[in-house]
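Please open the model in your viewer and keep the sequence panel beside it, so that each selection can be followed in both. The tour below moves from one selection to the next and says what is to be found at each stop.

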Amino acid sequence: MTTGVTKWAGRTREYDLVKEFVVALVVVSVLTVALAAVFSSPDEKQITISTWSRGAPNDFVLTAATELDGTSGTATYGAPYNHTPDAAQKIGPVSLQHIAGVTHPIDTVADFVVGPLTGVPADAALAAALAQWQGAAAGQQQKWASGYDDALSKATDNDPAQVKSGDYGPVPVMLTRLLTMAQSGGLDGALLAQKQFFATDYTKPLLFIADGSYLEDRARAQHLGGDQWGMMNETGNYPGQAWLWLYTFWYQVKPFSTSGNADALVWGLMALLSLALVLVPFIPGVRSIPRWVPIHRLIWRDYYRGIRT
Amino acid sequence: MLVMGAPINLNHPGHYVHWGVIQISVANLVVISVMVVLFVLAMLLPFPKGRNRR
């Protein structure tokens, strides 16, 4: 049978793939253990709602006010947390964020503020405040919450003690108690409470913390911000994910650096570039680069020297 | 309990190099440089001499 395949007539060389694999595995394992012993690993303390509310109580109360009046990052995020219209990032007409729908519904008022507060025992003032809140119409609740959020934003250092007097209903009492609960660690526990025995779903506390400026300030101080090439950085003096350089590069240049749609656009561009990488053997010009830059001839120079002579 | 610390502690504020839009940590720069050096060495160092057969 003619297969059209010609047998290699040049020199051959024995090659033990298993031996190379074992040697590489041993070398990498020894290097990993040795480097871990010498350099250890990043050791940043975990940021919890408790540490945040004790470190930046004014930021915590201001953030809680935005959760209550529905203007926080989480409350306006859209899918997968809520149905905020026009919040989703798109590639052209395709709204990637909405494809999977609202899979993890979060109502910031009930989940972050009112729900946890209803678990606080033996506090008559809080019970009265919650009863006033729950007995009010939605419009009135929004008026109280927005009014307090607005006044708190304008207060010196966003200090609740400096807020101008006004009709904020039960909001100041609710947020003061929420701060106390947060500082004691109770809010961390309340937001982690879930059906399964082991608490592994940190979505709610993480979203709440991320809505404030404390986490972002800490991240920016460690060069972890999106516009600081943060995706490829690690805390301290440790090397990070250097292989993400191209992904994070796009976030530094226009139009991505100024677009509210940057995540979707960068994802789409990287998907396109990854496809191009897979298809290199089929792309005219690009597939000829090894002919113009013959690095393989340098690696296999003995062979090429042999066939020349 | 005695806890042994790492001989080289890297849990200090990082150092960064800025060059226009490019911003890279010195640690990443070191790792990338080591990778480039290894790549060049892999190209230039001769293969171990095995038993050739024709």
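**The hairpin of chain B**

Begin by selecting B:His18, which stands opposite B:Gln23 in β2(B). Please keep in mind throughout that this is a predicted model. Now extend the selection to strand β1 (residues 16–19) and strand β2 (residues 22–25) of chain B, which run antiparallel and are joined by 4 bridges. Between β1(B) and β2(B) there are 2 residues, and the two strands form a hairpin; in the turn, select B:Gly20, whose phi is positive at about 60°.

**The nonpolar core of chain A**

Turn next to chain A and select A:Ala64, A:Ala65, A:Val171, A:Met174 and A:Leu178, which touch the most other members of the largest nonpolar core, a set of 34 residues. To see where this core draws its residues from, colour the elements that contribute two or more each, namely α2 (49–55), α3 (57–69), α5 (108–118), α6 (124–135), α7 (138–154), α8 (171–183), α9 (186–192) and α10 (203–211) of chain A.

Which residues is A:Val171 in contact with, once its neighbours within four places in sequence are left aside? Select A:Leu68, A:Trp144, A:Ala145 and A:Tyr148, and you will have the contacts of A:Val171 on that basis.

**Two loop residues with positive phi**

Move to the loop between α5 and α6 of chain A, where A:Ala122 is placed. Phi of A:Ala122 is near 50°, a positive value in a residue other than glycine. Is A:Ala122 buried or exposed? A:Ala122 counts as exposed, because it has 6 C-beta neighbours inside 10 Å, and a residue is exposed if that number is 12 or fewer.

Then go to the loop between α7 and α8 of chain A and select A:Asn158, which is not a glycine either but has a positive phi of about 55°. A:Asn158 is buried, because 20 other C-beta atoms lie within 10 Å, and 20 or more is what a buried residue requires.

**Two cis peptide bonds**

A:Pro80 is found in the loop between α3 and α4 (96–99) of chain A. Finish at A:Lys254 and A:Pro255, where the peptide bond is cis, with omega near 5°; A:Pro255 lies in the loop between α12 (245–250) and α13 (262–278) of chain A.

Terms used:
Residues are numbered from 1 along each chain as its sequence is written. Chains are lettered from A and ligands numbered from 1 in the order in which they are written. This is a predicted model: local features need pLDDT of at least 70, side-chain atom pairs count only at pLDDT 80 or more; totals for chains, interfaces and linings use all residues. A nonpolar core is a set of buried Ala, Val, Leu, Ile, Met, Phe, Trp, Tyr and Cys residues joined through C-beta atoms within 7 Å. Two residues are in contact if their C-beta atoms, placed from the backbone, lie within 7 Å. Two strands pair if DSSP finds at least two bridges between them.
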